Amino acid sequence: MVAAAETIQVTPREQEIEQAHRLYRMLVQEGIAALIGPDGERIDLPPSVHLILMRVVEKMQEGKTIAVLPLTEELSTQAAADLLGVSRQFFVRECEAHKLPFSYTGTHRRVLLGDLLDYKKRREQARRDSIVRIARQSEELGDYDKFVPPEE
Amino acid sequence: MISDFPVMVDACVLVQAAVRDILLRLFERRLFLARWTDEIIEETVRTLRDKLGRTQEQTDYLVNELRNHFPDAWVEQGYRELIPSMTNPREGPSCPRCGRENTLRGDREVLASLEICRCAQFAQLIRERLAL
C-alpha cells in the first residue's frame, strides 16, 4: 500500500502474534517498562515510545498489518485511496475539488498523511451525520415497519 | 484493509429501509465497501414511489444524502460489461442451513441479496473477513 523509504510496514507471523500477546500484557501494566539491549544495557521507555509500542502490539496481537509513518509523510494518490477504501480516480477528483490540500512532485500528486487523516475524520463524521438524517426520515415515514416484496 | 471487499448493493436491498440503513452503518465502519450504479439508484427511487407512495421530495432527500456523503459507492465506468457476470452464480457451496446456492463470487465479490439465508451468508462473510 504505502511505499516510501521512511515507512515500516509489517504483518505479524503466527508465532509473533503469541509474542505480541505477551508484550501487550506487559505493556498494559502500571509502571515503567524498559528495553534491555543485547549488551545488557537497560533503558526505560519514554512515555511516548511506550504509548506507540502498546498501540502497535495491541493491533499486532489481532494479526493486523501495521504501518508506522510520520504525519509529514507524502503519499501517492493510490496509497491515499487505499487508506480510505476508495478508487484512485475518486480520490483524485476529491483533490481537484480541493477537499484536501495536495502538491505536485513532478507530474504526480502527493498528499500529506496528516492532511489525509484530517480529511478522513471530517468525511467519517459527515457520513455518520448523514446516516442519522436518513434514519430519522425512515423512522418518520414509518419505513422500518414496511417490507417491499421483490419483483418476479 | 482486510475487509476491503466491494459489495454491489441492488435496488431490492436499498428499498428496504431497515436493511439499507444497517448496511450504510456497516459501510461507514468499513466492514465492507458498498457499490451501486445510477441505474440501481433510479430503480430504488422508482420502487419507493410506486410501492411505498414516496414523493419526489422524499426520494430526493435520500438520494442527495447518498450523493453528498457516499459518492464513492457510485460505480461509474466499465461496469456494464460486468453485468452478465453479476447474476447469482448457480455453482459454489450451498448454504448449510437451507441448501440454497452460495451468492459469493470469487474471493472479493458478493452480490447482496434480500433472501434471509443470503443475508446470513453475508453476515458470515463479514465475520470471516474480520476473523471475529
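Predicted model: local features only at pLDDT ≥ 70, side-chain atom pairs only at ≥ 80, totals over all residues.
**Notebook: chains A and B**

Next I looked up the secondary structure of chain B, which comes to five helices and four strands. I read their order along the sequence as β-α-α-β-α-α-β-β-α. For burial, I noted that chain B has 132 residues, of which 25% are buried.

I then turned to the contact of the two chains. Chain A puts 22 residues into the contact, and chain B puts in 25 residues. On the chain B side, I listed the elements that give two or more residues: α2 (17-28), α3 (38-52) and α4 (56-69). Of the elements there, α2(B) gives the most, with six residues. I sorted the chain B residues that touch chain A by type and got 13 nonpolar, eight charged and four polar.

Val148(A) sits in the segment after α5 (113-140) of chain A. Leaving out residues up to four places away in sequence, I have Val148(A) touching Val15(B), Gln16(B), Thr47(B), Lys51(B) and Leu52(B). I put Val148(A) down as partly exposed because 19 other C-beta atoms lie within 10 Å, and a buried residue needs 20 or more.

Last, I checked the domains of chain A. The assignment gives domain 1 as 8-68 and domain 2 as 74-140. Taken over C-alpha atoms, the centres of domain 1 and domain 2 of chain A are 31 Å apart.

Conventions: Residues numbered from 1 in each chain as written. Chains lettered and ligands numbered in written order. Contact = placed C-beta atoms within 7 Å. Nonpolar A, V, L, I, M, F, W, Y, C, P; charged D, E, K, R; others polar. Domains from an automatic or database assignment. Buried ≥ 20, exposed ≤ 12 C-beta atoms within 10 Å, placed from the backbone.
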